[in-house]
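Please open the model in a viewer and keep the sequence panel beside it.

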Amino acid sequence: MSLPPLSAALLTLIGAAVLVDLCLGDPRRLPHPVVGIGRVIAALEHAWNHGTAQARRRRGALLTTLVVAGTFTLAWVALALLAQVHPWLALAAELWLLATTLSIKGLADAARAVATPLAMNDLPASRGALAMIVGRDTQRLDEAELTRGAVETVAENTVDGITAPLFWALLGGAPLALAYKAVNTLDSMVGYRNPRFADFGYASAKLDDLANWLPARLTALTLWLAAWAMPGARRKGALAATWRQAPRHPSPNAGWPEAVMAQLLGVQLGGSNVYSGVVSQRAVLGVPLKEGGEPLAVRHIARAIHHMHGGWLVFLLLMALAVWLKEGLT
């Protein structure tokens, strides 16, 4: 069975899962729970996403409930059964499950895959690498726009792929962390505001907003705190500017890590994105050139990765502090 929430034992296991992810990432040869979750979502979406708007909204809510609750229950039961065989077997399984919810190595590798060819002025290769991690059209992007796409991805996915799973893991072990990944996967597959998914994905999108609300804001804080140990970071006024700018983002959560990242790097993020030939305007976040901002360049990708690592490390320290306070009061 899963370890008690907010406990030193669970925190230790989470720390071990972080090390596993940093060393191994997501080996393609091993099965991944999120892949299975995605297949279930795709099958149910194909079967249920039809009919009136009201019917699609009801079935979408049912999809969200079944996938999230089913993921949590399956993980909890599997760990409980393994614990009956041997406690160490359940512990090993929970360690692996926790590691699958994290994307620290994968996120850094994906950003470097954009930066490496870009540094050699190989724009086609950099565009191809960026297309693997964003939904926008990349065929005509220059260095500044390629950099923007990579930095925005690092900032936003610091929450989705690192700090939010850590947050929910501390509250409920691998079952709750996997339930969060189910929420996140639902949103990435059906949580779009377009004719196909506006109704069917409504519940998934709202639940994702709720699940990320606190982790996104805590992540903005930890990115800023970690920046005090990083030379060259523009820390002064960054938190206050983030507070002002984050609500401009169309997402209630993505603006927080993106705004603070832009401030710390001294650049501007946001602007025009093109999706299947259609231009979409996003709020501009960060430091304007006329106020001393830097033009976006490939070097900012490596700096964003450094801030990402600092952010999750401080996030872990805050988790350790929460455990220490809880155990000190009991």
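This is a predicted model: local features need pLDDT of at least 70, side-chain atom pairs count only at pLDDT 80 or more; totals for chains, interfaces and linings use all residues.

Begin by selecting V278, which is found in strand β2; helices (H or I, at least four residues) and strands (E, at least two) are DSSP runs, numbered from the N terminus. V278 counts as exposed, at 54% relative accessibility. Buried means under 20% relative accessible area, exposed over 50%, and partly exposed in between (1.4 Å probe, protein chains only).

Residues are numbered from 1 along each chain as its sequence is written, and side-chain values use heavy atoms, with hydrogens and water left out.

Select S276, in the loop between β1 (268–275) and β2 (278–286). S276 is not a glycine, yet its phi is positive, about 50°. Most residues other than glycine have a negative phi. With a relative accessibility of 71%, S276 counts as exposed.

Which loop holds N121? Select N121 and it will be found in the loop between α5 and α6. N121 is likewise not a glycine and has a positive phi, of about 65°. Its relative accessibility is 61%, so N121 counts as exposed.

**The whole chain**

Now display the entire protein as a cartoon. It contains eleven helices and two strands. Read from the N terminus, the elements run α-α-α-α-α-α-α-α-α-α-β-β-α. The radius of gyration is 20 Å, close to the 20 Å that the globule rule gives for 330 residues, so the protein is as compact as a globular protein of that length. The radius is taken over C-alpha atoms, and the globule rule is 2.2 Å times the number of residues to the power 0.38. If the C-alpha trace is turned onto its principal axes, it spans about 65 × 55 × 40 Å.

Of the 330 residues, 48% are buried.

**The largest core**

Hide the surface and select I14, L98, L166, I301, M308 and M319, the residues with the most contacts inside the largest nonpolar core, which has 53 residues. Such a core is a set of buried Ala, Val, Leu, Ile, Met, Phe, Trp, Tyr and Cys residues joined through side-chain atoms within 4.5 Å. Among the helices that each supply at least two residues of this core are α1 (8–24), α3 (53–85), α7 (143–190) and α11 (299–329). The largest share, 13 residues, comes from α7.

Centre the view on M308. Leaving aside neighbours within four places in sequence, M308 is in contact (heavy atoms within 4.5 Å) with I104, L107, A108, V154, T158, I162, L223 and M261. A second, separate core has 17 residues, including L63, Y180, F200 and A216.

Select helix α8 (residues 202–227), where S204 lies. Is S204 buried or exposed? At 1% relative accessibility, S204 counts as buried. Not counting residues up to four places away in sequence, S204 touches T64, L186, D187 and V190.

Continue along to N212, which is also placed in α8. N212 is buried, with a relative accessible area of 3%. Leaving aside neighbours within four places in sequence, N212 is in contact with V159, D160, A164, Y180, N184 and N253. For a distance check, select G201 as well: G201 and N212 are eleven residues apart in sequence and 17 Å apart in space, C-alpha to C-alpha.

**A last stop in α2**

Finally, select G36, in helix α2 (residues 33–48). At 33% relative accessibility, G36 counts as partly exposed.
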